[in-house]
Amino acid sequence: MTPTKWKCGRMIGSGGFGKVYKCFDANSNSVFAVKYVAFEVQSHLVQAEFQALRNEIKILEGVKHERIVQCYGCRSTPDGLAIFLEYIPGGSLFDHIREFGACSEHITQHYTLQILQGLTYLHGKKIVHRDIKAANILRVDNGNIKLADFGLSKQLDDISAAKGLNTKQVGTPYWMAPELLKQKGEYGQNVDLWSVGCTVVEMLTKEPPFIKYPPIIAVQRIITCDHPRYMLPAGSSTHLQDFLKITFKVYSVDRTSAAELLKHPFVAECHSDLKADPKQQEIDNWKKEKDQLMKKNKDLEDTIEQIRKEKAELSNCLQMEQNENCTLKEKLAVYEKKCTSNEEKVEKETIIPQKRKRTLSPQLLATTKDFLCKVTGALDTPCSPTCPHVIGQHESQISQSGEGDLHRYMKTCTKNPGHAGFIPVVKFSLDDLPATHREENLLKFIKAAADLTVRINVTMTSQHRPEYCPTSNVPYFLYNLRESQHLRTGSGIIHGVEKNTQDPCPCCKCKHSSQASNVWWKLNVVTAATLVFDDLEASNATLRLFYDREYSPLLILRDNLSVEKKDIMSDRSLLRCVTCDQKLGEKLEKMLAAYLCIKKKVLDRYSEYRNVHKLMFIVSHPHGCSKHVSIGQWQNVYTLANRKYKFTYHTGTCPGSSGASVHCIGFGTYVHCGSLTSGLNYSSS
């Protein structure tokens with residue numbers, strides 16, 4: 001029965017066509033998995049494919065087999081379709097292999113037998129799976145498996161094609177049969193048998209054949225090879241080797257059927273079900289309880305250490321306040337004087353008419369159309385997308401009530417409700433990368449960039465901000481809030497770490513000390529010029545390092561913070577600050593060296609195919625909260641003078657992401673500026 005009153009729970013998976021969530025149906029008191037497929041039914045062609053998908057789902061509702069994930073129908077949603085499936089708690093075979101390593105030949109035999117049982121049933125119903133791989137094989141609690149995502153991939157491909165999307169570049173070819181990749185003429189049920197062979201190799205070695213090649217090269221290798229190359233574990237049986245030879249026949253007519261493969265000696269002598277060993281189950285339960293207790297103990301130790309560090313930090317802050325002889329009463333007097341001055345200024349501006357009548361809300365200091373040109377200033381005519389002077393809505397998080405409101409902004413975000421596109425940096429793993437890019441070096445690069453990402457707080461707006469963007473009549477960001485005091489947050493990345501042993505340290509602590517340190521470090525941070533405009537704003541700004549989780553120790557830098565260099569036209573600002581904390585300085589030196597090293601490796605690996613995969617990621621502090629990673633693909637790249645590039649993209653950003661580094665794999669690193677009215681985000685050049 002199709003659920004009628006369901007609630008969505010946590011996300012349990014994602015793929016090329018949508019995300020999968022755990023859900024609960026109140027009417028049936030049952031748990032399901034729901035796959036959301038997002039698309040807009042606009043053209044007649046998409047409508048036809050959409051109806052074909054619904055018809056296919058109707059057929060799949062009648063598919064009932066112990067080796068097949070049950071389909072319970074679908075329901076339309078405002079932005080697509082919700083497909084209800086049987087919930088399998090054991091996760092995918094891919095997850096199991098990644099966590100516990102390759103399967104033994106004995107276990108592989110059992111899984112292969114069950115895969116063939118499911119395929120024999122599907123092929124008898126004239127259904128071709130087309131996507132057999134470990135990620136689409138789910139493990140039931142008793143150790144047996146079920147096939148998932150069958151029958152739907154063809155209809156989903158047709159819908160994507162009707163929308164004009166190139167799904168062939170998005171898919172992973174490593175498990176596909178040659179005739180499926182050639183895209184010439186029809187193909188039959190035997191494409192699934194080639195995929196079975198690839199999956200058997202994947203179970204035994206953790207990887208399918210050709211995985212060492214990028215997708216575009218792998219396609220050519222599969223189409224032109226006589227037999228896939230792979231390295232089986234030592235001592236593999238002759239039955240296994242013969243089984244793979246049959247599945248890897250180049251011509252589909254030479255491959256036998258799934259029903260015939262069930263008679264092959266490799267699987268014929270296996271028992272259908274895997275029976276769990278009671279002793280092993282008891283050991284597994286004991287290990288699970290032990291891991292949980294150790295994790296709780298580690299969390300308690302981390303909490304105690306965090307409290308100690310915060311106490312020490314508060315003590316240091318108090319000492320600094322006393323050294324600078326700055327009391328709360330003096331701060332209040334300065335604040336009241338500033339407020340009085342601002343009130344008088346507002347009264348003046350109300351009485352005296354201004355020459356320029358255009359005013360904009362501080363939250364809407366953007367354009368009414370995409371790609372407004374800073375040079376022409378044409379508010380009614382967009383310029384070419386290749387123009388280097390694109391202006392959009394900047395994404396600094398402004399808070400009139402200070403730090404206390406940041407989490408509220410996070411929960412009520414209108415740009416990315418729920419923040420589904422953001423992954424906390426402490427939870428980011430290989431599984432969060434696209435299937436074609438799950439490589440350790442790429443993961444290390446993202447983690448290294450995250451280590452150097454900082455949150456930037458600014459508490460005042462300089463009176464020196466221009467009224468309009470250079471050589472235009474487009475209002476400059478926050479001009480009408482100049483000379484005001486409010487908190488705004490953004491992001492940046494540590495770009496340089498330079499050790500100095502010649503001069504005394506210029507930090508506040510050393511200035512007021514008779515024993516100034518002769519060893520100190522100059523740090524450079526790249527961010528957006530609209531976030532930190534000049535030295536006045538920099539002197540009222542702070543940098544928070546290593547803010548990876550909400551309870552991370554407070555590590556703030558503010559000494560000698562200034563703007564060393566800025567480019568208003570491209571919205572880039574290079575900040576400078578100093579520290580004589582030897583432990584911190586040496587740590588940042590090592591982090592920057594590791595980042596530059598892994599960045600070069602990734603650039604060399606992906607530069608040749610950068611216009612194919614279009615992969616990018618951003619590490620930022622959305623709404624001023626802890627560090628998150630968003631990963632996706634860039635939409636357009638515009639080549640400017642001096643071999644500079646500017647990108648547009650849908651990759652997740654929010655207020656607080658302004659100034660964050662945009663890492664376009666194979667190109668380089670850029671600064672996130674803001675978003676356009678079309679929904680696209682854009683970078684600096």
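A residue is called buried here when its relative accessible area is under 20%. The model shown in these close-ups is predicted.

**Figure 1. Helix α2 and its buried side.** Leu93, Phe94 and Ile97 are the buried residues of helix α2, which spans residues 93–100. The three lie on the same side of α2 because they cover an arc of only 105° around the axis. Glu99 and Phe100, on the other side of α2, are exposed. After α2 comes Gly101, which has a positive phi near 95°.

**Figure 2. The packing of α3 against α7.** Two packed helices are described by the angle between their axes and the distance between the axes. For α3 and α7 the angle is about 160° and the axes are 10 Å apart. An angle over 145 degrees counts as roughly antiparallel, and α3 and α7 are therefore roughly antiparallel to each other. Their crossing is right-handed. On the α3 side, the contact is made by Glu105, Thr108, Tyr111, Thr112, Ile115, Leu116, Leu119 and His123. On the α7 side, Asp192, Val196, Thr199, Val200, Met203 and Leu204 take part.

**Figure 3. Helix α8 and what covers it.** Helix α8 runs over residues 215–224, and its buried residues are Ala218, Val219 and Ile222. These residues are on the same side of α8 because the arc they cover around the axis is only 105°. The elements covering them include α6 (178–182) and α7 (191–205).

Figure 4. The UniProt record, an unreviewed entry, places the feature "binding site" at Lys35. Lys35 is found in strand β3, residues 30–38. Is this lysine, Lys35, buried or exposed? Lys35 counts as buried because its relative accessibility is 10%, and the limit for buried is under 20%. With neighbours within four places in sequence left aside, Lys35 is in contact with Lys19, Val20, Leu81, Ala82, Ile83 and Asp149.

Figure 5. Most residues other than glycine have a negative phi. Arg130 is not a glycine, yet its phi is positive, near 75°. Arg130 sits in the loop between α3 and β6. With a relative accessible area of 14%, Arg130 is buried. Lys614, also not a glycine, has a positive phi of about 55°. Lys614 belongs to the loop that lies between α19 (610–613) and β20 (615–620). The relative accessible area of Lys614 is 26%, which means that Lys614 is partly exposed.

**Figure 6. The protein chain as a whole, for orientation.** The protein chain holds 19 helices and 25 strands. Of its 685 residues, 47% are buried. Among contacts between residues at least 6 apart in sequence, 68% join residues at least 24 apart.

Methods. Residues are numbered from 1 along each chain as its sequence is written. This is a predicted model: local features need pLDDT of at least 70, side-chain atom pairs count only at pLDDT 80 or more; totals for chains, interfaces and linings use all residues. Side-chain values use heavy atoms; hydrogens and water are left out. Buried means under 20% relative accessible area, exposed over 50%, partly exposed in between (1.4 Å probe, protein chains only). Helices (H or I, at least four residues) and strands (E, at least two) are DSSP runs, numbered from the N terminus. The arc is that of the directions from the helix axis to the C-beta atoms. Contact means heavy atoms within 4.5 Å. UniProt positions are given in the numbering used here, feature names are shortened, and annotations may be inferred rather than shown by experiment. Axes are lines fitted to C-alpha atoms, for helices over the stretch in contact, and angles run from 0 to 180 degrees between N-to-C directions. Angles under 35 degrees count as roughly parallel, over 145 as roughly antiparallel, 65 to 115 as roughly perpendicular and the rest as oblique. A crossing is left-handed if the near helix is turned anticlockwise from the far one by less than a right angle, and right-handed if clockwise.
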